[in-house]
Amino acid sequence: MVDIIQSSADLDAGLAFLLAVDPRLNVVAQKAGPLPLRLNQPGFAGLAHIVVSQVVSRASADAIWRRMEHDVGEITAHNYLLATTPETASFGLSRAKAKTLHGLAVAVVEGALNFDALSTMDETAAFTTLTSLGGIGPWTAQVYLMFCAGRADIFPSGDVALRAAVAHAFGMDARPSQKMLDQIALSWSPWRSVAARLFWAYYASMTRRDALPIA
């Protein structure tokens, strides 16, 4: 059975589990405050928005997205292919991102990527399916599974803000490696997506800067 986060009540249930299994998180939760839900609809638009948001400021990503909506209309795979070519970096996208989005749109239209089927897979199979697509790396796949598919047991250990937050919360001398953070997060299963939200919220309380991957 695939466990899905659908509401703030699900976050509360996950947080209660985390505080019970790892008492260190009580102080983290006190400083983090309420956890944001921020679920987006699954599908091409949700994945495309995450690709657009990679390695740019939120303001820049929002500006690119507005231009896409103006020129494409409803952001679907079919509409995107009608409005773009694989050779052209439109809307302020880098060539690499334009190539990724075009490839995703083709995969959806040709049936190689089926978001309904993706929703029924376990985390490992869904992750493997997404990362097999050109331009979709582990972080992008994990963020999609967390915030668009609502998966409850995902922890993007490569995320710099999460590594910094865990290091600060646990008094580490340096940020943990991705491998080390994966090991730390094992005890937070099956609610690792709630743990990630917790540490992003903690990071925001430390820095006064929202670090969640989606708006």
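Reader: Is F199 buried or exposed?
Author: Buried means under 20% relative accessible area, exposed over 50%, partly exposed in between (1.4 Å probe, protein chains only). F199 has a relative accessible area of 0%, so F199 is buried. This is a predicted model: local features need pLDDT of at least 70, side-chain atom pairs count only at pLDDT 80 or more, and totals for chains, interfaces and linings use all residues. Residues are numbered from 1 along each chain as its sequence is written, and side-chain values use heavy atoms, without hydrogens and water.

Reader: Where do F170 and F199 lie in the chain?
Author: Helices are DSSP runs (H or I, at least four residues), numbered from the N terminus. F199 is in helix α12 (residues 192-207). F170 is in the loop between α10 (160-169) and α11 (178-185). The two are 29 residues apart, and the pair links distant parts of the chain. Ring pairs also join F155 and W188 with F170 and F199 into a cluster.

Reader: How many salt bridges are there?
Author: The rule is a side-chain nitrogen of Lys or Arg within 4 Å of a carboxyl oxygen of Asp or Glu. The count is 5. Take R192 and D153, at 2.9 Å from N to O. R192 lies in helix α12 and D153 in the loop between α9 and α10, so this pair ties together parts 39 residues apart in sequence. Both R192 and D153 are buried.

Reader: Which residue forms a salt bridge with D210?
Author: R38 does, with the closest N and O atoms 2.7 Å apart. D210 is in the segment after α12 and R38 in the loop between α2 (25-32) and α3, so the pair ties together parts 172 residues apart in sequence. D210 is partly exposed, at 34% relative accessible area. R38 is partly exposed too, at 27%. R58 joins R38 and D210 in a network of salt bridges.

Reader: What is the distance between R151 and E123 in their salt bridge?
Author: The closest N and O atoms are 3.9 Å apart. R151 is in the loop between α9 and α10, E123 in helix α8, 28 residues apart. R151 is buried, at 0% relative accessible area, whereas E123 is partly exposed, at 22%.

Definitions and conventions: Rings of Phe, Tyr and Trp (its six-membered ring) pair if their centres lie within 6.5 Å; planes under 30 degrees apart count as stacked, over 60 as edge-to-face and the rest as tilted.
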